[in-house]
Amino acid sequence: MENDLEQSATQRSRDSDAGGGGPASVLRGGESSILNGLGLAAAAFLTLILALGALSLGQIGAVTAVSLKMRDVALPELLAVNEIEIALDAHALLARRRVQVTDFRQAAEIDREMRRAAARFLAGIEGLDRLRIGPRAQAIEQSLKAAWLEYLAALDGVGLLYERGALAEAEAAMQTGVRVAEADARRSVNDLIEVVRAEAAEISAAVERGWQRARALTLGALLAGLGAALLAMRWVTCRVSRPLLAISAAMRRLTRGEDTAILPVLPGRTDEIGILAEAAAAFHDSVLATRALAADLELQREILAASVRNMPLGLCMIDKLGRVAVSNRALAEIFDLSPGDCVPGIAQRDLLDRLAARVDTGRQGAGAFAAGIAAKVARGDQTTGTWQLRAGGSVSVIIQPTPDGWMMIAEDITERVSHEANIRHLARHDPLTGLPNRRAFSEEIDRAIAEAGAECPAAVLFIDLDRFKNVNDTLGHSIGDALLRQVAARLSWAVRDADTVARFGGDEFAVIQRGCVQPEGARGLGERIIALLSSPFEIEGNTVRIGGSVGIALAPGDGACTADVLKSADLALYAVKAAGRGRCQFFDPDMSERQRALHKLEQDLRKAVLSDAFVMEYQPLFDIASGELVGAEALMRWIDPVRGRVPPAEFVPMAEELGLIVPLGARALEMACADAATWPSHLRVAVNLSPVQVHRVGVIEDVRAALAASGLDPRRLEVEITEGVLLNQGPETLGTLDALHKMGVRIALDDFGTGYSSLRYLRVLPLDKVKIDASFVRELENDPSAAAIVRAVCSLCASLDIGVTAEGIETAEQLASVTAEGCVEAQGFYLGRPGQAEVIAGLAKASLRRGRGVA
């Protein structure tokens, strides 16, 4: 600018010289002086401004240089030293955790973290090496490197000692060498931090001093240069001084450990101030991240400690010095120890003695028990087992070695052991009576057979309760269950201690008799059992009367193995029930043949039902007074290819037992109604209904279907029931008979007088007829009492308007006797044998006077 003014003045002087002299020249000279003065003043002012500006720029440059030094030296040094401190803290903390961890996965993770911390430490050292640090900082850095190497070497030595199992030496090395080297390294780091912080503080002070000078010069430039100085000062303040002061203040707060320091936000700044702000922000984040990592590690340590304290399993860890390092509350609770019995610091020997005092060691003794555990721990053996406590209960224990000692895990399994024992008991005992079940009984038979001999065999008795189903049906299952429990008690009382009583299920019991002279011993026990079962039972105010049947097999004579003995006893029991119950029976080899025959009969009967191999025959029924045929009783015959014509008495009981009586009964109704529909309309047909059919709701539909299919008038159908139907009489039974009677079907009570006859039946049942059993008819001529009974029944039925039929008439004398006693109808071989439906139709016009007997 000064050159431009000089060139302008020179040009004007040349112009003045060229124009000549005089006043004009003087004026021009004056003007030239004023201009020169103004130019000089302007030049001086400008020079002052420029000088002040230059000084200000110089101060700004100095401040900038100091700021760059802060950015390029002090701040990187702080970051590097902070990185070193963070890495050292993390590495030391991880090293202490590493020696406490037993899980290999956690150990591997900690090893990786330690390698990362070591790498960060070396990265910080390398960062310092790249910076122009002072001599004192260099000396401290060398000391730090040496201390770091000593720390790593000491830590490696501890690791080798742990791997060799020298736990005591490793712990000592950890407490001496590692901790000392770590302390030396920390001192070096702290010294280095102090040096770097001092340098940073000095640079910050220089920045502040430079800013003060720059502000004074800027103020002068402002007063001299007005708006230019104001703008310059404003620019310096806003763009340089204020961010630097904010950065400097925040850095001082961070170096004092205040995490709440707020750094200025300078978006879009790419100059040195912006770079310095970014570096300060990075330093701030690094400090916060380091402190957060330390807090997280401490939190994890607290969580781990809380987990150990509150875990349901008892835990105890013993260190290499033989003292408790870790224990929890569950361990004390499981073994009923006081809190002071297993706190950290307690000697291993004392802990084992206290545990042994709570354990049921049997003959071994508490001292030997504790010594045995100590010996196994010393050998490094892993031990698992279940300890029984003196106070009761079971504890599952696992003892295993660890790198720095050993640990024990205990679990209270008392409830589980009790549950398993209960399951084992239920698997071998009847839940209702508590007696052994079939499985346990079979095992006892194996032992009895092994102990028995030909001279002293063991006896196996099968017991079946008589009329037990009637108790269940009439009094309910709760009474039935109570009865079974009382039966079990009586059987247990009847046998000796060496004998075994079992329940197979339902109303089946069994006994093994050992060490008795046979067969006398078994026969005596069987008769004693029958007598006990025949005595009344008092249950909840009810007097219950039952009985028992006993089948006996001797081992090894009746079977060399359990299956054969059980089969023989079962066959003997079956023979008793077939012969009338209420007594005991020894096994006979012929029973096996009879059983095979019965089995063959069962198979053939099943096939016969499927193939409909049955025909109907009819027993004629005559009116005694008129001699006319009034009907016939339907008798089903089984036509077997080998056996020929099988009568009902042989296959009906088995059909009832096999559950085949229902389809057979329905078929008999269908066939009888179809045949009777072809007879003259005054003839009736009588069909027997088994108790199973009557107790079944569907019997009404069976009768209705047979009548509908044949077109037979219901009044021509007569159903005969036995007193067995009435033993389990209930509302359903009476309802079924009433429904049939309302349909028009006649009801007859068959075999009257042979069972548990009750005059009440004559009053409550809708009866049209009573049939006197043939056993009374046969005794009429020889037994006056039989005649009196028949006479009384006829008289009573006549007063109730119930007809009486005599069965089994085989002679003229018997016919005369029943006629004299008051019977109105008769049937029997003397009057007519069973024949086909066509034969009955042919007898429709026959009479007692015109012919006796039917071929």
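**Contacts across the chain**

Mentor: Gly557 counts as exposed, because its relative accessibility is 68%. The model under discussion is a predicted one. Gly557 is found in the loop that runs between β11 (547-555) and α16 (562-579). In sequence Gly557 and Ala458 are 99 residues apart, yet their C-alpha atoms are 9.2 Å apart in space.

From there we may turn to the aromatic contacts. The structure holds 10 aromatic pairs. One of them is formed by Phe614 and Trp638, a tilted pair with 6.4 Å from centre to centre and 35 degrees between the planes. This pair links distant parts of the chain, with Phe614 in strand β13 (residues 614-623) and Trp638 in strand β14 (residues 629-640), 24 residues apart. Phe614 counts as buried because its relative accessibility is 5%, and Trp638 counts as buried because its value is 1%. The ring of Phe614 also meets that of Phe651: the centres are 5.6 Å apart and the planes stand at 50 degrees, so this pair is tilted. Since Phe614 lies in strand β13 and Phe651 in helix α18 (residues 648-658), the contact ties together parts that are 37 residues apart in sequence. Phe614 and Phe651 are both buried.

Elsewhere, Phe121, Trp148 and Tyr151 form one aromatic cluster. Rings also meet charges. The charged end of Arg490 sits over the ring of Phe537, 3.5 Å from its centre, and that of Arg833 sits over the ring of Phe829, 4.3 Å from its centre.

The salt bridges form a further set of contacts, and the structure holds 34 of them. Among them is the one between Asp341 and Arg354, whose closest N and O atoms are 3.9 Å apart. Asp341 lies in the loop between α8 (329-334) and α9 (348-358) and Arg354 in helix α9, so the bridge ties together parts that are 13 residues apart in sequence. Asp341 counts as buried because its relative accessibility is 16%, whereas Arg354 is partly exposed, with a relative accessible area of 25%.

Arg514 and Glu451 likewise meet through their side chains in a salt bridge, at 3.9 Å from N to O. Here too distant parts of the chain are linked: Arg514 is in the loop between β8 (508-513) and α15 (520-534), and Glu451 is in helix α12 (residues 438-451), 63 residues apart. Arg514 is buried at a relative accessible area of 15%, whereas Glu451 counts as exposed at 59%.

A further salt bridge joins Arg667 and Asp612, with the closest N and O atoms 3.1 Å apart. Because Arg667 lies in helix α19 (residues 661-676) and Asp612 in the loop between α17 (589-611) and β13, parts that are 55 residues apart in sequence are tied together. Arg667 counts as partly exposed at 26% relative accessibility, and Asp612 counts as partly exposed at 36%. Salt bridges also link Arg684, Glu718, Arg746, Lys769 and Glu825 in a network.

Cys316 counts as buried at 1% relative accessibility, and Cys584 counts as buried at 17%.

Terms used:
Residues are numbered from 1 along each chain as its sequence is written. This is a predicted model: local features need pLDDT of at least 70, side-chain atom pairs count only at pLDDT 80 or more; totals for chains, interfaces and linings use all residues. Side-chain values use heavy atoms; hydrogens and water are left out. Rings of Phe, Tyr and Trp (its six-membered ring) pair if their centres lie within 6.5 Å; planes under 30 degrees apart count as stacked, over 60 as edge-to-face and the rest as tilted. Helices (H or I, at least four residues) and strands (E, at least two) are DSSP runs, numbered from the N terminus. Buried means under 20% relative accessible area, exposed over 50%, partly exposed in between (1.4 Å probe, protein chains only). A charge sits over a ring if NZ of Lys or CZ of Arg is within 6 Å of the ring centre and within 35 degrees of the ring normal. A salt bridge is a side-chain nitrogen of Lys or Arg within 4 Å of a carboxyl oxygen of Asp or Glu.
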